[in-house]
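Me: I have a structure open and have not looked at it before. Can you walk me through it?
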Amino acid sequence: MDNKIRVCHLITRMIKGGAQKVVVSLIEGVDRRRFDSSLLTGPQAGEEGTLLEEPGSVACNVRVIPDLVREIEPFRDLRALAGLCGTLQNLRPDILHCHTYKAGVLGCYAGMLSGVRRVVFSPHGHIFDQGSHIPGVPASGARLSALYWLTRSAQVCADAITAVSPSDMESQ
């Protein structure tokens, strides 16, 4: 019988960036006798390229969620949420570790809806900081307030929230 702890990492895209390299390090750094890792990601690449270019580049089961994209697109985001719920029900992870804001918000809700035992939210920066200029995140107004409310309500579904720096911890 396999008693490994199943950890599923979730991120919107596996570009050659800092948060993505952290995800790869976490996957590659665990004791594989104790942990079984998987990765859920969206289909987008960027100008910088993708960490998934070559087969076997990430040492775990990788599944692409077609509607999981970086930009805020409410109807597509609902389809991504449904896709995440179905995939999580199939994988049955013990821990869902959500990386970056978009994946974190959707992952926290999907984890709760799918019965995941533990959800960890790692924003990897703060989208609400002045001058952050994240595509799709308004600088002010009702849309920003709604995004803030959605983020805070998703964080309530998380068992833990991590920060990559002291200033990010203060922003949480």
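Me: Leaving aside its neighbours within four places in sequence, which residues is Asp 77 in contact with?

Reply: Asp 77 is in contact with Glu 71, Ile 72, Lys 102 and Leu 106, leaving aside neighbours within four places in sequence. Contact means heavy atoms within 4.5 Å. Before going on, note that this is a predicted model, where local features need pLDDT of at least 70 and side-chain atom pairs count only at pLDDT 80 or more, while totals for chains, interfaces and linings use all residues. Residues are numbered from 1 along each chain as its sequence is written, and side-chain values use heavy atoms, with hydrogens and water left out.

Me: Where is Asp 77 found, and is it buried or exposed?

Reply: Asp 77 is found in helix α2. With a relative accessible area of 10%, Asp 77 is buried. Buried means under 20% relative accessible area, exposed over 50%, and partly exposed in between, using a 1.4 Å probe and protein chains only.

Me: How many helices and strands does the chain have?

Reply: Five helices and six strands. Along the sequence they follow the pattern β-α-β-β-α-β-α-β-α-β-α. Helices (H or I, at least four residues) and strands (E, at least two) are DSSP runs, numbered from the N terminus.

Me: In what order do the strands sit in the sheet?

Reply: The order is β3-β2-β1-β4-β5-β6, in an open sheet with parallel pairing. Two strands pair if DSSP finds at least two bridges between them.

Me: Which strands stand at the edges?

Reply: β3 (61-64) and β6 (160-161) do; each has a single partner strand, so one side of each is left without a neighbour in the sheet.

Me: What joins β5 to β6?

Reply: Two bridges join β5, residues 118-122, to β6, and the two strands run parallel. Phe 121 has Ile 161 in β6 as its bridge partner. On β4, β5 pairs in the parallel sense over five bridges. There, Ile 95 has Arg 118 in β5 as its bridge partner.

Me: How many residues of β5 are buried?

Reply: Four of the five, so β5 is largely enclosed by the rest of the structure.

Me: Back to α2. Which strands does it lie across?

Reply: Helix α2, residues 74-91, lies across β1 (5-11), β2 (35-41), β3 and β4 (95-99), and runs at about 165° to β2. Helix α3, residues 101-114, packs on the sheet too, touching β1, β4 and β5, and its direction makes about 155° with that of β4. The axes are lines fitted to C-alpha atoms, for helices over the stretch in contact, and angles run from 0 to 180 degrees between N-to-C directions.

Me: How many aromatic pairs turn up in a search of the whole structure?

Reply: One. The rings of Tyr 101 and Phe 121 have centres 5.6 Å apart and planes at 75°, so the pair is edge-to-face. Rings of Phe, Tyr and Trp (its six-membered ring) pair if their centres lie within 6.5 Å; planes under 30 degrees apart count as stacked, over 60 as edge-to-face and the rest as tilted.

Me: Which parts does that pair tie together?

Reply: Tyr 101 lies in helix α3 and Phe 121 in strand β5, so the pair ties together parts that are 20 residues apart in sequence. Both Tyr 101 and Phe 121 are buried.

Me: New topic: α1. Which of its residues are buried?

Reply: Ala 19, Gln 20, Val 23, Val 24 and Ile 27. Seen down the axis of α1, the buried residues fall within an arc of 140°, so they line one face of the helix. The arc is that of the directions from the helix axis to the C-beta atoms. These buried residues pack against β1, β2 and β4.

Me: What about the other side of α1?

Reply: Gly 18 and Gly 29 are exposed there.

Me: Where is Lys 16?

Reply: Lys 16 is in the loop between β1 and α1. With a relative accessible area of 40%, Lys 16 is partly exposed. Its C-alpha atom is separated by 5.6 Å from that of Leu 51, 35 residues apart along the chain.

Me: And Arg 33, where is that found?

Reply: In the loop between α1 and β2. Arg 33 counts as exposed, at 71% relative accessibility.

Me: Last one. What share of the chain counts as buried?

Reply: Of its 172 residues, 46%.
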